[in-house]
Amino acid sequence: MSSEAGLQAWLNSRIETWQQVLPQLDRLERQRDHTTADALHAMEMYRALGRDLSIARRILPGSRVTRALEARYAKLHAIIYRKPHDWRARLRTLFREEIPEVVHDLRFTIQWVGLLFALSAAAGWWLVSSYPELIGLLASEEMINGVEGGKLWTEGLLNVMPSSVLSVGILTNNIVVSLTAFVVGVFFGLGTFYIIGMNGLMLGGIFAFTHQHGMAGELLKFVTAHGVVELSVICIAGAAGVMLGESLIRPTHGTRRESFQHATARTSRLLVLCALLLVGCGFIEGYLSPDPDFPMINRVIVGFGYAVVMVAALTGRLFGRKPEPGATIPS
Amino acid sequence: MASTPTITLQSVTGVDVELRIAGAGSRSYAFVIDWHIRLVLALAWLFTALFIRAGSLNLFDDSTPRGGMGQLAIWIPTTVIYFLYHPILEIVMRGSTPGKRMAGVRIVSRTGDIPGAGALLLRNVFRLVDSLPFVYLLGLGVVIFTEQHVRIGDLAAGTLLVHDDAGAVKSFDGLRNDTPENGLSPQSADLIHELLDRWWTLDDTMRANIARSLILRVDPAASTEALLLQTSPQLRSHLQALLKGTARA
């Protein structure tokens, strides 16, 4: 009975402290800029809770008190081990250091994916040139009828919907395509190959079809301003997807799960930049590309100018990354 | 019956804590609640905007630049609410959503801490794969067949869905009301609190039987015959009186 009285006395002496823990945890969780005093207080609370939990487990195993202490201890553990929040520094590191490093690692894969895209486009061109009826597999009936009637589907696009709506629709679609090209890499890279191959096939096939009707020049005029960056970004996202597949085929860590997780965390950083570049493409495609009065030379300047911006962003130069002495490529 | 998988948080104090990993049932329950919330919110915005459009001035006239902005005002929030509900709320609510809260689960990293915004975004990007071929069939299959019940998005982001032991939060309130004079051992008081907490979730016969056996164990003044005559509400009052130390007064 005396041990029970001691136990009750211990509980009664600690309950008040435990009651105060929850509001303190909520405050610590919500707060972003903790002071040194906050951190020291959290560490002291962590030690005290750990000690109490250890005692509670021994004398009241499986009880509600023990479970409640475990919940608070786990919450405090999560708060203490939370990564620091410094958005500006994080973004600076992301764009100046991490993304250029991933691009450097992926440079050969990007080239291979680009080659796959180009070969698929060439295959699409050859297929539709040789077997014109195959365009039915690559384009909608409305598009085919339009081209056969001498009218490109991009003509009068601005009469159908305002540029703002068009831009948002296009950039959303492009971002979804890029993200899809990345995530389907989980199927050992085959999903990415499929997406890249199909996009290349469609592009080549549609160009061949418009060429047959004497409108390839018009289509080229339409895609020049936004196409260079848009297609490059899809290939870059595809390369990131291929890296996911490779992490599963040839694990770099102890298990395939760890290898996949590491590859995803590393390559996904690149998608942030891809998404931003595609937002720019969306606005060019919504505002400039459909405008018939926008001259070809200006389209070329915009297209290649934006490509230069893309390369500068991928190498980190746009964000102030200094080239290493003697290095020709970012490392 | 298979035991619930857990992860162990190892801390510098040497006191480890186990978190119970949520299974396919809790996951699906949370998802269905969240799906209803986002659908209702998106439709509410859509219909309100369309209603305003129907009787509008020329704010939504498609041929004017302002009309374009009007269309964007209809569709962008609707799309954002529906498609970005999970990533936005998971970041803002630090690994939770209203549905997850109601289902008693939350997202943690593999080390047990709150996942960063990057991991939460990545987890959501992989919904594109998890939702294949339809209604999250692939994701659900992966959850069922993986040891830690994770979908592909969780594998990619290094996150887990664990049970949030919110029920234990109230425990201290009950303990503080205990008085040493009631003569109950902390273990007995804990059992009584547990039973009272679960009272309404138990079948009437079952809770009465458990209450009788508990009262017989902790109250020397109680007799089997007298307890058999007590109804369920009376037994509940008896237990509450024991906690307050008035049952034997």
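Q: In this predicted model, in which hand does α3(B) pass α5(B)?
A: The crossing of α3(B) over α5(B) is right-handed. The contact is formed by H86(B), P87(B), E90(B) and I91(B) from α3(B), together with A117(B), L120(B), L121(B), R123(B) and N124(B) from α5(B). These residues comprise five nonpolar, two polar and two charged.

Q: Why are α3(B) and α5(B) called roughly antiparallel to each other?
A: The axes of helix α3 (residues 85-92) and helix α5 (residues 117-125) of chain B cross at roughly 155 degrees and come within 9 Å. Angles over 145 degrees count as roughly antiparallel, and α3(B) and α5(B) are therefore described in this way.

Q: Why does K100(B) count as buried?
A: K100(B) has a relative accessibility of 5%. Buried means under 20%, so K100(B) belongs in that class. K100(B) is placed in helix α4 (residues 98-103) of chain B.

Q: What makes the link between the side chains of K100(B) and E90(B) a polar contact?
A: The side chains of K100(B) and E90(B) are joined at 2.9 Å, and a polar contact requires N or O atoms within 3.5 Å. Leaving aside neighbours within four places in sequence, K100(B) is also in contact with other residues, including D34(B), H86(B), R123(B) and L161(B).

Conventions. Residues numbered from 1 in each chain as written. Chains lettered and ligands numbered in written order. Predicted model: local features only at pLDDT ≥ 70, side-chain atom pairs only at ≥ 80, totals over all residues. Heavy atoms only, no water. Helix = DSSP H or I, 4+ residues; strand = E, 2+ residues; numbered from the N terminus. Buried < 20%, exposed > 50% of the residue type's maximum accessible area, 1.4 Å probe, protein only. Polar contact = N/O pair within 3.5 Å; in protein donor to acceptor, adjacent residues only side chain to side chain. Contact = heavy atoms within 4.5 Å. Axes fitted to C-alpha atoms, helices over the stretch in contact; angles between N-to-C directions. Parallel < 35°, antiparallel > 145°, perpendicular 65-115°, else oblique. Left-handed = near helix turned anticlockwise from the far one by under 90°. Nonpolar A, V, L, I, M, F, W, Y, C, P; charged D, E, K, R; others polar.
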